[in-house]
Amino acid sequence: MSTPRRLAVINHEAGRPLATVPLVSDRREQILATAAGLFARRGFHGVSIADIGAACGISGPALYKHFDGKDALLAEMLVGISEQLLGVGRERVTAADGPTSSLEALLGWHVSFALEHPELIVVQDRDWCSLPDAARERVRGLQREYVGVWVEVLRALRPDLPPETARARVHAGFGLINSTPHSALLARGRMQPLLEDMARAALLA
């Protein structure tokens with residue numbers, strides 16, 4: 001999966017977007033996008049290859065030209081999410097001019113992702129256990145590294161925090177930000193700063 005930020009996720013049962021994301025022409029990305037929407041709504045085990053193919057306008061067997069199967073599709077989807085979160089997070093910290101601006105950059109990035117891709121958060125949370133073993137370990141490792149980026153920034157701001165306490169705060173902050181499938185009830189322009197303010201307060205309390 002190249003990057004989930006290009007996904008155009010559609011709720012095919014309701015006929016409306018699940019997230020406002022630019023449309024893409026690449027067939028592989030279309031399949032990933034469609035699968036993400038279907039998995040979020042029905043669960044990984046409630047969606048068949050034929051369902052994904054029908055929603056993409058192709059036959060189920062034609063999907064095997066792009067993915068070895070449903071497990072491979074889920075693996076690319078969730079590994080891609082973790083790679084993107086870590087990669088962009090590191091880039092933003094590197095470009096920042098200090099720990100305060102690093103924290104603001106991380107908050108802006110993660111909240112934006114969570115608001116744009118609530119369906120991917122649902123799939124990550126609910127269907128992670130359905131990943132093949134190798135992909136699950138890859139996701140777990142990437143997530144540890146991403147948490148580590150946040151912990152380093154937080155402890156630069158709060159050197160009094162032991163590493164394990166800082167890590168617990170980061171995980172709690174992620175829980176707040178990743179609530180968007182349920183909590184994003186306001187317009188984007190209001191929800192983004194609200195989540196950033198709440199997560200910042202939780203991390204630094």
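# Helix packing exercises on a predicted model

The axes of helix H6 (residues 133–157) and helix H7 (residues 163–177) come within 9 Å of each other, crossing at roughly 115°. That makes H6 roughly perpendicular to H7. Keep in mind that everything here comes from a predicted model.

## Exercise 1: the H6 and H7 contact

Work out the handedness of the crossing of H6 and H7, and list the residues that make the contact.

Step 1. Handedness: H6 and H7 cross in a right-handed way.

Step 2. On the H6 side, the contact is made by Arg144, Tyr146, Val147, Gly148, Trp150, Val151, Leu154 and Arg155. H7 brings Pro163, Ala166, Arg167, Arg169, Val170, His171, Phe174 and Ile177.

Step 3. Sort the residues of the contact of H6 with H7 by class, and you get ten nonpolar, two polar and four charged.

## Exercise 2: zoom in on Val170

Is Val170 buried or exposed, and which residues does Val170 contact once its neighbours within four places in sequence are left aside?

Step 1. Check the accessibility. Val170 has 0% relative accessibility, so it counts as buried.

Step 2. Collect the contacts. With neighbours within four places set aside, Val170 touches Val147, Trp150, Val151, Leu154 and Leu203.

Step 3. Take one of these pairs and look at the spacing. Val170 and Val147 are 23 residues apart along the chain, and their C-alpha atoms are separated by 6.8 Å.

## Exercise 3: two partners for H3

Describe how H3 packs against H4 and against helix H5, using angles and axis distances.

Step 1. Start with H4. The axes of H3 and H4 come within 9 Å and cross at roughly 150°. Angles over 145 degrees count as roughly antiparallel, so H3 is roughly antiparallel to H4. The crossing of H3 and H4 is right-handed.

Step 2. Find the residues that meet. H3 supplies Ile81, Gln84, Leu85, Val88, Gly89, Arg92 and Val93, while H4 supplies Ser102, Ala105, Leu106, Gly108, Trp109, His110 and Phe113.

Step 3. Now take helix H5 (residues 118–127). H3 and H5 pack at an angle of about 110°, with axes 11 Å apart. That makes H3 roughly perpendicular to H5, and the crossing of H3 and H5 is left-handed.

Step 4. Here the contact uses Leu74, Met77, Leu78 and Ile81 of H3, plus Leu120, Val123, Gln124 and Asp127 of H5. By class, H3 with H5 gives six nonpolar, one polar and one charged.

## Exercise 4: follow the contacts from Leu85

Which residues are in contact with Leu85, and which with His110, leaving aside neighbours within four places in sequence?

Step 1. Leu85 belongs to helix H3 (residues 70–95). Its relative accessible area is 11%, so Leu85 is buried.

Step 2. Leu85 is in contact with Trp109, His110, Phe113 and Tyr146, leaving aside neighbours within four places. For Leu85 and Trp109, the C-alpha to C-alpha distance is 8.3 Å, at a sequence separation of 24 residues.

Step 3. Move on to His110, in helix H4 (residues 99–116). His110 has a relative accessible area of 3% and is buried.

Step 4. With the close sequence neighbours again left out, His110 contacts Leu85, Tyr146, Trp150, Phe174, Ile177 and Asn178.

## Exercise 5: the whole chain

How many helices, strands and disulfides are there?

Step 1. The protein has nine helices and two strands. Along the sequence they follow the pattern β-β-α-α-α-α-α-α-α-α-α.

Step 2. On to the cysteines: the structure holds zero disulfides. Cys56 is buried, with a relative accessible area of 6%, whereas Cys129 is exposed at 55%.

Step 3. Finish with two totals. Buried residues make up 49% of the 205 residues. Of the contacts with a separation of 6 or more, 66% are between residues 24 or more positions apart.

Definitions and conventions. Residues numbered from 1 in each chain as written. Predicted model: local features only at pLDDT ≥ 70, side-chain atom pairs only at ≥ 80, totals over all residues. Heavy atoms only, no water. Axes fitted to C-alpha atoms, helices over the stretch in contact; angles between N-to-C directions. Helix = DSSP H or I, 4+ residues; strand = E, 2+ residues; numbered from the N terminus. Parallel < 35°, antiparallel > 145°, perpendicular 65-115°, else oblique. Left-handed = near helix turned anticlockwise from the far one by under 90°. Contact = heavy atoms within 4.5 Å. Nonpolar A, V, L, I, M, F, W, Y, C, P; charged D, E, K, R; others polar. Disulfide = S-S within 2.5 Å. Buried < 20%, exposed > 50% of the residue type's maximum accessible area, 1.4 Å probe, protein only.
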